[in-house]
Amino acid sequence: MSRNIEIYTDGACRGNPGPGGWGALLIAGVHRKSICGGEHDTTNNRMELMAAIQALSALKGRQAVRLHTDSKYVMHGIRDWLPNWKRRGWKTAGRKPVKNQDLWQALDEVAAKHDVEWVWVKGHDGDPGNEAADALANRGIDELGG
């Protein structure tokens with residue numbers, strides 16, 4: 001299955017916790033779709049997760065996706081930690097509850113509906129897709145009006 005949809009996601013927070021935003025750029029051939037949103041009291045990690053959740057949720061039908069994120073938290077979580085958390089009943093290796101469990105479960109559920117290749121990109125390094133997602137995440141904060 002070829003990767004026919006490229007997605008760039010990013011989260012942002014002004015203060016951590018504080019007002020936060022998420023943004024995603026979805027590209028399918030010549031078609032581009034930008035989405036963003038925000039929350040008044042959140043963390044950067046929650047917004048990084050929300051960006052991926054919202055982007056994958058915006059797709060119709062099962063899709064082959066290459067999802068780009070600059071979040072090592074998302075990359076480690078999806079590749080390394082998630083299978084172990086599920087096996088341990090959503091506990092960390094130290095037997096503590098998983099932080100942001102609600103969003104990790106939502107991401108796991110929506111990602112299972114697609115064929116997703118996860119790609120880490122260095123943030124704020126000139127990647128046009130990542131820069132666009134960053135701008136969208138900041139717009140998500142701005143649109144909160146606070």
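So, helix α1: 10 of its 14 residues are buried, so the rest of the structure largely encloses it. Keep in mind that we're looking at a predicted model here. Which residues of α1 are buried? Going along the helix, they're R46, M47, E48, L49, M50, A51, A52, I53, A55 and L56. Buried, by the way, means under 20% relative accessible area. As for length, α1 spans 20 Å from its first C-alpha to its last, and that's close to the 20 Å you'd expect at 1.5 Å a residue.

Okay, next helix. α3 runs over residues 101-111, and its buried residues are L103, W104, L107, V110 and A111. Now look down the axis of α3: those buried residues fall within an arc of 135°, so they line one face of the helix. And what covers them?

Last stop, the largest pocket. There's about 170 Å³ of space in there. Which residues line the largest pocket? If you want to click through them, they're I5, L26, I27, A28, H31, R32, K33, A58, L59 and K60. Two strands, β2 (18-28) and β3 (31-42), each give at least two residues to that lining. Sort the lining by class and you get 6 nonpolar residues, 1 polar and 3 charged.

So that's the tour: α1, largely enclosed by the rest of the structure; α3, with its buried residues along one face; and the largest pocket, with β2 and β3 contributing to its lining.

Note on methods. Residues numbered from 1 in each chain as written. Predicted model: local features only at pLDDT ≥ 70, side-chain atom pairs only at ≥ 80, totals over all residues. Heavy atoms only, no water. 1 Å grid on protein atoms, 1.4 Å probe; cavity = no way out; pocket = protein on both sides within 12 Å on 5 of 7 lines; lining within 4 Å. Points joined across faces, edges and corners; volume = space filled by probe spheres on them. Helix = DSSP H or I, 4+ residues; strand = E, 2+ residues; numbered from the N terminus. Nonpolar A, V, L, I, M, F, W, Y, C, P; charged D, E, K, R; others polar. Buried < 20%, exposed > 50% of the residue type's maximum accessible area, 1.4 Å probe, protein only. Arc of directions from axis to C-beta. Expected span 1.5 Å × (residues − 1).
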